[in-house]
Amino acid sequence: MPSGNKLKLYYHPLSSFCWKTLIALYENGTGFEPVLVDLGDAKDRENFLKLWPIGKFPVLVDEARDWTIPESTIIIEYLAQHYPGPVDLVGSGDRARQIRMRDRFFDNYIHVQMQKIVSDTMRPEGGKDPVGVEQAKAQIRTAFGMIEGEIKHWAMGDSFTMADCSACPALFYADKLVKLKDGYPNTLAYLERLEARPSFARVLKEAEPYFHMFPVKE
């Protein structure tokens, strides 16, 4: 990162969408200051909502350019434009569109569906949505089946990209709800390659002290 520039990432180590951004930062060795936010702490929550009233992680603040950037995909694209590194995560032209499509695939059809299921476990009795949970699981199985027939090494073939950054948390957490070992061997092997990637391995190591907070027990 150029001298004098300062990036701050507001995040939580257990947040799945934060993982996606952290992987991108670690892939390119991008310097940043991590700012851990505990939404359960009233003061932390108040300060974070002043920064981003939507209250969702992650949020990147580029003090040098006076920009506040929410949303993991947008953060990764911003970093690629203004703080590029040796790993081209977003591509250009038709390839960029294909990477973004795969990124949205993992986010929308696995990641978001996983979060619906996890959120339902924390609802009080009488407020749960069993039909919605089954629909989310069905969507995940459909997505797993599509990956199973298409995956080669990484999401885009030989090159690690933003799509793989998205796949890491999506598959890691979804596998706790819809088991990849039950009929998706190629996708399971892909997840194992992702977990062995140094950037993701680092994220998992940093998250270990918080795993007990994950509400779904295997």
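## Stop one: the pockets

Start with helix 4, which gives the most to the lining of the second largest pocket, with four residues. Before you click further, note that this is a predicted model, where local features need pLDDT of at least 70, side-chain atom pairs count only at pLDDT 80 or more, and totals for chains, interfaces and linings use all residues. Residues are numbered from 1 along each chain as its sequence is written, and side-chain values use heavy atoms, with hydrogens and water left out.

A few terms for this stop. Helices (H or I, at least four residues) and strands (E, at least two) are DSSP runs, numbered from the N terminus. A pocket is an open set of points on a 1 Å grid over the protein atoms alone, where a 1.4 Å probe fits, with protein on both sides within 12 Å along at least five of seven lines; lining residues have an atom within 4 Å of a point. A volume is the space filled by probe spheres set on the points, with grid points joined across faces, edges and corners.

The second largest pocket has a volume of about 240 Å³. Select Arg102, Met146, Ile147, Glu150 and Ala155: of the 13 lining residues, these are the closest to its centre. Two or more lining residues come from each of helix 4 and helix 5 (130-150). By class, this lining has nine nonpolar, one polar and three charged residues. Here Ala, Val, Leu, Ile, Met, Phe, Trp, Tyr, Cys and Pro count as nonpolar, Asp, Glu, Lys and Arg as charged, and the others, Gly among them, as polar.

Now the largest pocket, with about 1,100 Å³ of space. Pick Ser15, Ser16, Lys56, Phe57 and Gln115, which lie nearest its centre among 36 lining residues. Helix 1 (16-27), helix 2 (42-51), helix 3 (72-82) and helix 4 (93-121) each supply at least two residues of this lining. Which helix gives the most to it? Helix 4 again, with nine residues. The class tally for the largest pocket is 18 nonpolar, 10 polar and eight charged.

## Stop two: helix 8

Select residues 198-207, which make up helix 8, and colour Ser199, Phe200, Val203, Leu204 and Ala207: these are its buried residues. Buried means under 20% relative accessible area, exposed over 50% and partly exposed in between (1.4 Å probe, protein chains only). Look down the axis of helix 8: its buried residues fall within an arc of 135 degrees, so they line one face. That arc is taken from the directions from the helix axis to the C-beta atoms. The face turned away from the buried side carries the exposed residues Pro198 and Lys205.

What do the buried residues of helix 8 pack against? Helix 1, helix 6 (162-174) and helix 7 (185-196). Zoom in on Val203, which is buried at 1% relative accessibility. Not counting residues up to four places away in sequence, Val203 touches Trp19, Leu22, Ile23 and Tyr26, contact being heavy atoms within 4.5 Å. Draw a C-alpha distance from Val203 to Ile23 and you get 6.9 Å, for residues 180 apart along the chain.

## Stop three: buried spots

Go back to helix 4 and pick Asp103. Asp103 is buried, with a relative accessible area of 0%. Leaving aside neighbours within four places in sequence, Asp103 is in contact with Lys20, Thr73, Met162, Ala163 and Ser166.

Next, the cysteines. Cys18 is buried at 0% relative accessibility, and Cys168 is buried with a relative accessible area of 0%.

Most residues other than glycine have a negative phi, and most peptide bonds are trans. Check the peptide bond from Phe57 to Pro58: this one is cis, with omega near -10 degrees. Pro58 sits in the loop between helix 2 and strand 3.

Then jump to Asp66, in the loop between strand 3 and strand 4. Asp66 has a positive phi of about 55 degrees although it is not a glycine, and it counts as exposed at 70% relative accessibility. Finish on Glu71, in the loop between strand 4 and helix 3. The phi of Glu71 is positive as well, near 75 degrees, and Glu71 is partly exposed at 46% relative accessibility.
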